[in-house]
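Q: Could you take me through one part of this structure slowly, saying how its pieces are arranged and what lies against them? I would like to look at a sheet and then at a helix.

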Amino acid sequence: MPARRTTSAARPAAPAARRLEKVLVANRGEIALRVMRSCREMGLRTVAVYSDADRAALHVRAAYQAVRLGPAPSSESYLRGDLIVQAALDTGADAIHPGFGFLSENPDFVRQVEAAGLTFIGPTAAAMEAMGDKIEARRRMIAAGVPVVPGTADPVEDDATLQREAARIGFPVMIKASAGGGGKGIRIVRTPDELLPAARRARSEAQNAFGDGTLYLEKYLEEPRHIEVQVFGDMHGSVVHLGERECSVQRRHQKVIEERPSPLLDEELRAAMGAAAVKAAAAIGYHNAGTLEFLVDRHKHFYMLEMNTRLQVEHPITELTSGVDLVRWQLLVARGERLPLRQEQIVHRGHAIECRLYAEDADHGFLPATGRVDRLELPGGPGVRVDTGLFEGMEVGLHYDPMLAKISVLADDRPAAIARMARALTEITITGVTTNLPFLRRVLRSEPFTSGRYDTSTLESRPELFALQTSPRRERDVAYIAAALAHVLRRRRGFVVQRGGAPAAGAGTGTGLGGTGPATGGAGQSGRRWVDAFRPGGTP
Ligand code: MV4
């Protein structure tokens, strides 16, 4: 597909084959491991970089070589593009994979990498810039015929323009920062009198956060779904899509569960959104992995919002249903090869769901949790995939993203995928750090999720549906059980039960009187578990 209306900088580079034998992975945790796995399968050597907090991390152990960057804070380690490029040169790497977050969407970093004669595994700096400037992106998408949310085509500078444009669009409107993205620097304005004060605050916030106070306006869509489309381009001008991911289960712009296909889309809408996503990527001569974010309103109208110019956290669900290794494709495209499949050869099978396990306390304001992981059991079995950098003994601190693991499942259909995920979640044990695991279980079996009728506001507008359930009756029952347990354990002090086995010889069977067994040896030393006290035949 030829790319039209592109500047020379955005046109696909000459597809000269490039040497790719050793890849430096400029990231940490599960995504660094994920990238290294595909590298290894392709016979490529890997270089890890790490901060002092990550000396013992799995990504360091998985790599062929590892280079220390600096102290734990990202600003002194994973965000130090200069040190990362130097590490690549020192180790003889020929390419850098940025993962996601950190430097992955920083066009200056891309230029630094290329100036050093290295290959950046991702799109061009120009494509990142075109999509990073939201007003510029809207202009280009409108020109390409991709639907965007009704709004302004130009920055809104003065108060008169703000008022005129807001009235033309119609309230409620949303004020957004052109340099923004994600959830930063946006404001909902419901009435004309709120407009100017909101714009003033938004402008100074954007100026502080991004060094650019440029604003634009959009019609505010109420309770939209957030559905994104995975695209892939090569340096020969081909662009394909790999279907959508439903990402509406989120709170505070933090995604919690993603699934594909979206329960909302029919084949017609899916095809229309896929075609729009391909058109958007082709219009800027895009190559490598990208994602087009759309909002879908209650009338099932879709509007492009933003383009993410990187591999995304939730890419595993696309891999599960398509069978495509997206990192492999990134590496192939970066070395100048053509996409391995044409659009009609990309076929999805089954239903995939991803749950994000976060180190946070969902029952106490979702505060970030820290600690040392002392026991860890991860799920497995049919159709289960785990992406994580966790290991027993790992310290979870506050320096990096709180996401600990991604649990993904593939099954024949949506109900089977939900059942499989519920099963997988029950197989997880993690102690030493509080996680959102109980919250994930509650969301998974909630009515909005099981029915597929949820939107981006559901988690935040109906928190009671996902909250820890307590009631006077339930609390009374818990109190009864605790009292009974305390009673039994008191009477049986010294009752020795071998861990997981039959009661030890002579250890109080039948009498149940305190003190008949060995008087020494607490539960910890005997290895006795409280459940053993309730084994059939084990009661007095
Ligand atoms: C919107 C919107 C409604 N109408 N724009 C939030 C993050 C940024 N990427 C764009 N966002 C939104 N833009 C218009 N015109 C609602 C959101 C929004 C949202 C979007 C995607 C996923 C979750 C969200 C949660 C709240 C608001």
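A: In this predicted model, 3 strands form an open sheet in the order β7-β6-β8, and their pairing is antiparallel. The edges are β7 (184-189) and β8 (215-219), each of which pairs on one side only, and the twist from one strand to the next averages 25 degrees. Strands of a sheet pair through backbone hydrogen bonds, either parallel or antiparallel. Here β6 (residues 173-181) and β8 are joined in the antiparallel sense over 5 bridges, and V173 has K219 in β8 as its bridge partner.

Two helices lie across these strands. Helix α7 (residues 159-169) lies across β6 and β8, running at about 20 degrees to β8, while helix α8 (residues 192-210) lies across β6, β7 and β8 and runs at about 175 degrees to β7.

Turning to the helix α1 (residues 29-41), its 13 residues should span 18 Å at 1.5 Å a residue, and because its end C-alpha atoms are 19 Å apart, the model agrees with that expectation. This helix is mostly covered, with 10 of its 13 residues buried, among them G29, I31, L33 and M36. After α1 comes G43, whose phi is positive, near 75 degrees.

Helix α1 also packs with α11 (residues 326-334) at an angle of about 65 degrees, their axes being 9 Å apart, and the crossing is right-handed. In this contact R34, V35, S38 and C39 of α1 meet L326, V327, R328 and L331 of α11, a set that divides into 5 nonpolar, 1 polar and 2 charged residues.

How values were computed: Residues are numbered from 1 along each chain as its sequence is written. This is a predicted model: local features need pLDDT of at least 70, side-chain atom pairs count only at pLDDT 80 or more; totals for chains, interfaces and linings use all residues. Side-chain values use heavy atoms; hydrogens and water are left out. Helices (H or I, at least four residues) and strands (E, at least two) are DSSP runs, numbered from the N terminus. The expected span of a helix is 1.5 Å times one less than its number of residues. Buried means under 20% relative accessible area, exposed over 50%, partly exposed in between (1.4 Å probe, protein chains only). Axes are lines fitted to C-alpha atoms, for helices over the stretch in contact, and angles run from 0 to 180 degrees between N-to-C directions. A crossing is left-handed if the near helix is turned anticlockwise from the far one by less than a right angle, and right-handed if clockwise. Contact means heavy atoms within 4.5 Å. Ala, Val, Leu, Ile, Met, Phe, Trp, Tyr, Cys and Pro count as nonpolar, Asp, Glu, Lys and Arg as charged, and the others, Gly among them, as polar. Two strands pair if DSSP finds at least two bridges between them.
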